[in-house]
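Welcome! Here is a short tour of some aromatic rings and their neighbours.

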Amino acid sequence: MAFEPPQRLVRALGETHPEGGAEWLDRLGELVRQAAEVHGVTVERVQAPGGRSSLVLLVRQAGGTPAVLKLAPPRARPESERAALAHWGGSGAVRLLDSGREQGVLLLERLHPELSVRSLPEAKALLEAAGTLRRLWVEPPSGHSFETVAVRTERQARAMRAEAERDAALTPLVDAALAAREALLAAPPEERLLHGTFRQSKVLAGERLPWLAVGPDPVVGECAFDLARLVRDRVEDLIAAPSGASITRRRVKRLAESLELDQERLRGWTLFRAVESGIRAHRVGRAQDAELLLEFATWL
């Protein structure tokens, strides 16, 4: 099956996993053919612009029911995503339709990829997104193998330190972010299964429920870690606003109160995650993204 993968996916894999990503992209046509055959589906089209870590195909099952076939390289942890979606069972998240017949391939219910909560006015979008996120925060399954917040952020912290060593101008923000992480991990509250990469664009319109989350990179830890990514949604608008800093602080307060979380813990994780994302963007040469994120971090 010949097709061109979305450029967004090609660029992202080139930044994060240049060697393995290129190999996976080279095999993608054959992988799609095999997956469609195994699941008995007919491919309609590639969803574009799609995601940064997987290929999303709009398909039809044998009876004509619309669905989504998602293929991801091992680095994107697709089996972890499968386990999380199975545990949520369609509550707050897209429903998993397969039973793990093929590694790296997920068959999912089809939502409306063209309509996310990001299309709503900002205040309404934050409200709907937060409500969706609340439904995902459940106890992880016993004996789970999900990565923990402590483990994931330790790996990120090492990369942050290394980048700061190469560019001393980054050191103050990196030091602040790492100090916040250390304090937060000293006495974490009760752990929950988290989406891991939650933001407005990850919440799509559905048929069963008005809004459902997609694309988790699940992790087990405290809820404030998950909510922190939502705080900086539409960061470009926040930076452009004359009162962006005060809007950000009010957003932290409002989101923490609406989901009954500790405001200071949310602020701390928002700082860490903003700096980590900014440093990562700096490392791969996305200078504009890095500048926006690191300026945002100074407001926290």
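## A charge over a ring

A charge sits over a ring if NZ of Lys or CZ of Arg is within 6 Å of the ring centre and within 35 degrees of the ring normal. Here, Arg273 has its charged end over the ring of Phe225, 4.2 Å from the centre of that ring.

This is a predicted model, in which local features need pLDDT of at least 70 and side-chain atom pairs count only at pLDDT 80 or more, while totals for chains, interfaces and linings use all residues. Residues are numbered from 1 along each chain as its sequence is written, and side-chain values use heavy atoms, with hydrogens and water left out.

## Rings that pair

Rings of Phe, Tyr and Trp (its six-membered ring) pair if their centres lie within 6.5 Å; planes under 30 degrees apart count as stacked, over 60 as edge-to-face and the rest as tilted. By this rule there are three aromatic pairs. In one of them, the ring centres of Phe225 and Trp269 are 5.2 Å apart with planes at 85°, so this pair is edge-to-face.

Phe225 belongs to helix H8 (residues 223-231) and Trp269 to helix H11 (residues 263-283), so their pair ties together parts 44 residues apart in sequence. Helices here are DSSP runs (H or I, at least four residues), numbered from the N terminus.

Trp269 also forms an edge-to-face pair with Phe272, at 5.8 Å centre to centre and 90° between the planes. Both Trp269 and Phe272 lie in helix H11, three residues apart, or about one turn of the helix.

## A buried cluster

Ring pairs join Phe225, Trp269 and Phe272 into a cluster. Phe225 is buried (under 20% relative accessible area, with a 1.4 Å probe and protein chains only), at 1%. Trp269 is buried at 0%, and Phe272 is buried at 0%.

Methods. Helix = DSSP H or I, 4+ residues; strand = E, 2+ residues; numbered from the N terminus. Buried < 20%, exposed > 50% of the residue type's maximum accessible area, 1.4 Å probe, protein only.
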